[in-house]
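Have the sequence and the 3D view open as you read.

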Amino acid sequence: MRASIGAALALALLAGSGSAQAANPKSSAQPQTPSTLKTPADSGMGGELLYQLLISELQITQGQPGAGFSLTLDAARKSRRTELFQRAIQIALQARSGESALQAARAWTEAQPRSPEAQRVVLQLALALDRPADIAQPLRSLLRLTAAAERQPLIQALPQMMARLNDKTAALQAVAPLLKEASKQPTQAMAAWTSLGRLQLAAGQKDRALESAQQAMAKDRQSALPAWLALGLLEQRQPGSDALVQRWLARVDGEEATRVRLEYTRLLIEQKRHSDARAQLNLLTREQASMAQVWLLDGLLYLQLEQLEQATSSLQRYLAVASSEAGQNGRAQAQLLLSQIAEKQGKLEDALAWLDRIEGQEAQAAVQSRRALLLARAGRLDEARALLRGLPADNPTDERRKLVAEAQLLRELGHYVEALQVYEEATQRFPQDADLAYERAMVAEKAGRTDEMERLLRELIARAPDYGHAYNALGYSLADRNQDLAQARELINRAVALIPDDPFIQDSLGWVEFRLGNLAEARRILQAAFERRADPEIAAHLGEVLWTEGQREAALRVWRQGLQQQADNETLLRTLQRLQVKP
């Protein structure tokens with residue numbers, strides 16, 4: 001109770017304190033006479049208000065924060081004092097009442113409509129409460145009250161601020177009008193278009209995001225912000241984004257351009273656009289040979305191309321120059337890749353030796369999983385499983401990771417029945433985990449238990465009706481077995497509605513249309529999916545549609561492209577064998 005009384009009294013003293021000399025006459029070299037003493041400033045709070053604050057603090061101490069909040073907020077409204085509004089918000093937050101905190105913050109803006117701090121607090125609370133409808137007003141006021149020179153950083157920060165909101169479309173709708181207004185101001189136009197594009201991308205409006213990126217780049221040809229937005233669109237395989245990135249790189253030099261080029265190259269490698277990635281790396285290795293990240297990407301590309309000696313050379317060069325530039329994570333990634341290369345070359349001991357060199361606790365889960373795989377491929381499966389089972393697990397996340405690692409190991413080796421048993425154990429341990437339930441169903445299919453797979457997927461759909469991949473898997477399975485095609489199409493369309501831009505779900509939709517005999521529609525859907533993701537399984541389906549239509553050369557080109565991506569893809573090889581084709 002003494003602490004609360006002390007807090008209230010301290011607040012009163014701070015509100016009406018006099019000068020330091022008045023409080024401590026000895027601090028002055030010249031003694032002061034009564035006529036020279038300064039009169040304490042009027043705090044603006046009479047005895048009744050101070051008493052009200054004291055009662056508020058006592059109420060909080062006695063476990064009645066609601067009553068304390070009401071008294072403090074009332075005092076804040078009467079006095080219009082910043083510190084009292086802040087105290088009311090603090091009381092509400094300590095009582096875990098976000099709505100009350102927002103109420104107090106709004107009262108603060110009503111009492112002090114020209115306070116940027118008050119508007120900022122309302123905005124922060126609306127974001128924390130996931131209330132996109134309450135964002136526009138404080139944001140508009142904050143922009144108006146912010147000095148012109150400081151508005152651009154605020155506009156640039158908006159996408160990150162809005163990222164915490166769950167409804168991305170509502171978030172976009174809340175701020176799009178403000179950003180379009182800001183885009184009319186020359187000093188804010190680039191930032192406004194870029195932030196608008198990022199919010200559009202988050203909301204799945206990729207075409208509009210590309211238009212915003214183009215507008216932003218037109219407003220400022222040198223800024224890297226529109227280029228990074230274009231890279232985000234490229235990651236989502238948006239047509240036109242690649243040309244935008246290249247256009248920017250063609251006219252900008254310097255450190256930021258190098259960072260953009262590195263990210264561009266990484267995305268090209270991820271999307272297996274090997275010739276384009278090679279062109280970028282040729283430029284980077286010539287002009288940025290001392291930059292470690294260049295050689296890591298170079299090694300990764302060579303590994304994708306199965307050029308193992310060149311991959312080894314580039315990765316070792318990375319390790320040679322990365323000592324001061326890269327942290328443990330980068331070195332661990334390179335060493336894991338070198339272990340993978342040694343395994344491909346049949347050098348098991350070298351592969352294990354590379355794993356032994358990896359430092360850092362964060363990498364140990366990946367290291368042990370890799371070690372277990374090497375042991376299993378050497379015929380020591382029991383030892384590999386024991387290694388994974390023996391990994392420490394300090395929390396449920398670690399326990400889940402261990403089970404998944406073991407199941408994936410067994411799955412990769414083709415031990416589907418054993419993998420299914422591990423997934424059964426995992427789903428019993430984590431019964432609400434939709435991803436585990438889905439993986440269990442997929443392994444049941446691999447184990448030849450189609451009925452069990454179907455049952456598990458239907459149970460998952462009933463329990464998690466928004467889990468789009470379950471609809472897709474069940475619909476594709478029916479289509480692939482040429483069973484109940486009407487239901488298969490219905491299921492896959494439901495998956496498309498939930499995850500509209502997934503090329504693999506589009507592949508399923510194209511495949512069911514093929515099974516229904518709608519060749520032109522199947523080709524249209526599959527071609528669009530293949531343009532988004534040149535995956536060998538999509539290649540298998542698109543090639544079969546083309547083959548059936550009599551477009552034999554086009555089918556062969558697609559199949560060859562799929563084989564370049566993954567020469568041992570089961571679906572593609574099975575398709576070629578069934579059609580008796582040698583591409």
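Q: Where is Asp484 placed?
A: This is a predicted model, in which local features need pLDDT of at least 70, side-chain atom pairs count only at pLDDT 80 or more, and totals for chains, interfaces and linings use all residues. Residues are numbered from 1 along each chain as its sequence is written, and side-chain values use heavy atoms, with hydrogens and water left out. Helices here are DSSP runs (H or I, at least four residues), numbered from the N terminus. On that numbering, Asp484 sits in the loop between α27 and α28.

Q: What is the phi of Asp484, and how accessible is this residue?
A: Asp484 isn't a glycine, yet its phi is positive, near 45°. For accessibility, buried means under 20% relative accessible area, exposed over 50%, and partly exposed in between (1.4 Å probe, protein chains only). Asp484 counts as partly exposed because its relative accessibility is 45%.

Q: How far does helix α26 reach from its first C-alpha to its last?
A: Helix α26 covers residues 450-463, which makes 14 residues. The expected span is 1.5 Å times one less than the number of residues. For α26 that expectation is 20 Å, and the helix comes close to it, reaching 20 Å.

Q: Which helices do the buried residues of α26 pack against?
A: The buried residues of α26 include Met453, Leu456, Leu457, Leu460 and Ile461. Contact here means heavy atoms within 4.5 Å. The packing partners are α24 (416-429), α25 (434-446), α27 (468-480) and α28 (485-498).

Q: Which residues have the most contacts inside the largest nonpolar core?
A: A nonpolar core is a set of buried Ala, Val, Leu, Ile, Met, Phe, Trp, Tyr and Cys residues joined through side-chain atoms within 4.5 Å. The largest one has 73 residues, and its largest share, eight residues, comes from α25. The residues with the most contacts inside this core are Leu409, Leu457, Leu460 and Trp559.

Q: Which residues does Leu409 touch?
A: Residues up to four places away in sequence are not counted here. That leaves Ala372, Leu373, Ala376, Leu381, Ala384 and Leu388.

Q: How many salt bridges does a search of the whole structure find?
A: A salt bridge is a side-chain nitrogen of Lys or Arg within 4 Å of a carboxyl oxygen of Asp or Glu. By that rule, the total is 39.

Q: Why does the salt bridge between Arg385 and Glu406 tie together separate parts of the sequence?
A: The closest N and O atoms of this pair are 2.7 Å apart. Arg385 is partly exposed at 22% relative accessibility, whereas Glu406 is buried at 2%. Arg385 lies in helix α22 (residues 381-389) and Glu406 in helix α23 (residues 396-412), so the pair ties together parts that are 21 residues apart in sequence.

Q: What separates Arg401 and Asp398 along helix α23?
A: These two form a salt bridge, with the closest N and O atoms 2.7 Å apart. Asp398 is buried, with a relative accessible area of 16%, while Arg401 is partly exposed at 42%. They are three residues apart in helix α23, so the separation is about one helical turn.

Q: What is the angle between the planes of Trp547 and Trp559?
A: Rings of Phe, Tyr and Trp (its six-membered ring) pair if their centres lie within 6.5 Å; planes under 30 degrees apart count as stacked, over 60 as edge-to-face and the rest as tilted. Both Trp547 and Trp559 are buried. Their pair is tilted, at 5.4 Å centre to centre, and the angle is 40°.

Q: Which residue lies over the face of Trp547?
A: A charge sits over a ring if NZ of Lys or CZ of Arg is within 6 Å of the ring centre and within 35 degrees of the ring normal. Over Trp547, at 4.0 Å from the ring centre, lies Arg552.

Conventions:
Helices (H or I, at least four residues) and strands (E, at least two) are DSSP runs, numbered from the N terminus.
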